[in-house]
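Work through the exercises below with the model open beside you. Try each task before you read its solution.

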Amino acid sequence: MPKVRDEIEISHSPPSAEEYRSLMRSVGFTVFPAAVAAESLKRSCHAVTLRKDGVLIGMGRIVGDGVCFVEIVDVVVEPVHQGKGLAKIVMDALMSYATTQLAEGAFVYLSAHVPADRLYAQYGFEATAPDAVGMCYRLGSAPT
Ligand SMILES: CC(C)(COP(=O)(O)OP(=O)(O)OC[C@H]1O[C@@H](n2cnc3c(N)ncnc32)[C@H](O)[C@@H]1OP(=O)(O)O)[C@@H](O)C(=O)NCCC(=O)NCCS
């Protein structure tokens, strides 16, 4: 696998469900059951992973119709490795996919967890409020 820097390898395919669950757990994000996570990862339009010594330390993915409407989700860097520019490596790769693979005029959405909005602003993302407000409906009770 190609190295981006400091022995960090980049890959353009989804992580395993267990790697994914472990990384999400490390930042307090929702940890879906293994089978659900596996199915979700499989349906990604594109995924980027960063590994050090074979261990998943960062990722991000694009989900959606893959043509006109997509969403960037699961941009996460393992806490020990934060603040070293790894999220920018992930975003560079995701935006490279978006700009080359999506239709002209396509919408790329994301829900920014403040202060990560500062990361996305560097890639041209703008808050939609007040003209449009992001809304979310969460099904059932949250998995643990
Ligand atoms: C948000 C997150 C992915 C950033 O990862 P990272 O590898 O530490 O980020 P980078 O070092 O590449 O920094 C990229 C930019 O993000 C912004 N940023 C990252 N962490 C920040 C923080 N704690 N406060 C303010 N801005 C921050 C900065 O603008 C930074 O660019 P700059 O250094 O040029 O100002 C990481 O903190 C994380 O995994 N957080 C928990 C999960 C999460 O909230 N993910 C975002 C979902 S929308």
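**Exercise 1.** Does aspartate 53 count as buried or exposed, and at what relative accessibility?

*Solution.* Start with the basis. This is a predicted model, where local features need pLDDT of at least 70, side-chain atom pairs count only at pLDDT 80 or more, and totals for chains, interfaces and linings use all residues. Residues are numbered from 1 along each chain as its sequence is written, and side-chain values use heavy atoms, with hydrogens and water left out.

Next, take the cut-offs. Buried means under 20% relative accessible area, exposed means over 50%, and partly exposed lies in between (1.4 Å probe, protein chains only). Aspartate 53 has 71% relative accessibility, so it counts as exposed.

Now place the residue. Aspartate 53 sits in the loop between E3 and E4. Helices (H or I, at least four residues) and strands (E, at least two) are DSSP runs, numbered from the N terminus.

Last, check the backbone. Phi of aspartate 53 is positive, near 50°, and the residue is not a glycine. Most residues other than glycine have a negative phi.

**Exercise 2.** Which strands pair with E3, and in what sense?

*Solution.* Two strands pair if DSSP finds at least two bridges between them.

- Step one: strand E2 (residues 8-11) pairs with E3 in the antiparallel sense, over four bridges. Glutamate 9 has arginine 51 as its bridge partner in E3.
- Step two: strand E4 (residues 55-64) runs antiparallel to E3, and seven bridges join them. Here lysine 52 stands opposite valine 55.
- Step three: the hairpin of E3 and E4 has two residues between the strands.

**Exercise 3.** Why is strand E3 largely enclosed by the rest of the structure?

*Solution.* Count the buried residues. E3 covers residues 46-52, and six of the seven are buried, so the rest of the structure largely encloses this strand.

**Exercise 4.** Which side chain meets that of arginine 61 in a salt bridge?

*Solution.* Apply the rule: a salt bridge is a side-chain nitrogen of Lys or Arg within 4 Å of a carboxyl oxygen of Asp or Glu. The partner is aspartate 74, at 2.8 Å, N to O. Arginine 61 lies in strand E4 and aspartate 74 in strand E5, so the pair ties together parts that are 13 residues apart in sequence.

For aspartate 74, the relative accessible area is 14%.

Look at the backbone too. Aspartate 74 has a positive phi of about 55°, although it is not a glycine. Its strand, E5, spans residues 69-77.

**Exercise 5.** How many salt bridges does the rule give?

*Solution.* The count comes to five. Among them is the pair of arginine 21 and glutamate 18, at 3.2 Å, N to O. Both lie in helix H1 (residues 17-26), three residues apart, about one turn of the helix. Arginine 21 is buried, at 15% relative accessibility. Glutamate 18 is partly exposed, at 47%.

Another is the pair of glutamate 39 and arginine 43, at 3.0 Å, N to O. Glutamate 39 is partly exposed, with 31% relative accessible area, while arginine 43 is exposed at 62%. A network of salt bridges links Glu39, Lys42 and Arg43.

**Exercise 6.** Which residues come nearest to the ligand?

*Solution.* A residue is near a molecule if one of its heavy atoms lies within 4 Å of it. Of the 21 residues around the ligand, Val75, Val77, Gly83, Gly85 and Lys88 come nearest.

Next, find polar contacts (pairs of N or O atoms within 3.5 Å).

- Valine 75: a polar backbone atom is 2.8 Å from a nitrogen atom of the ligand.
- Glycine 85: a backbone N or O atom is 2.7 Å from an oxygen atom of the ligand.
- Lysine 88: an N or O atom in the side chain is 2.7 Å from an oxygen atom of the ligand.

Then take the cover. On its own the ligand has 900 Å² of accessible area (Shrake-Rupley method, 1.4 Å probe). The protein covers 72% of that area.

Key. A polar contact is a pair of N or O atoms within 3.5 Å; within protein, one must be able to donate a hydrogen and the other to accept it, and residues adjacent in sequence count only if both atoms are side-chain atoms.
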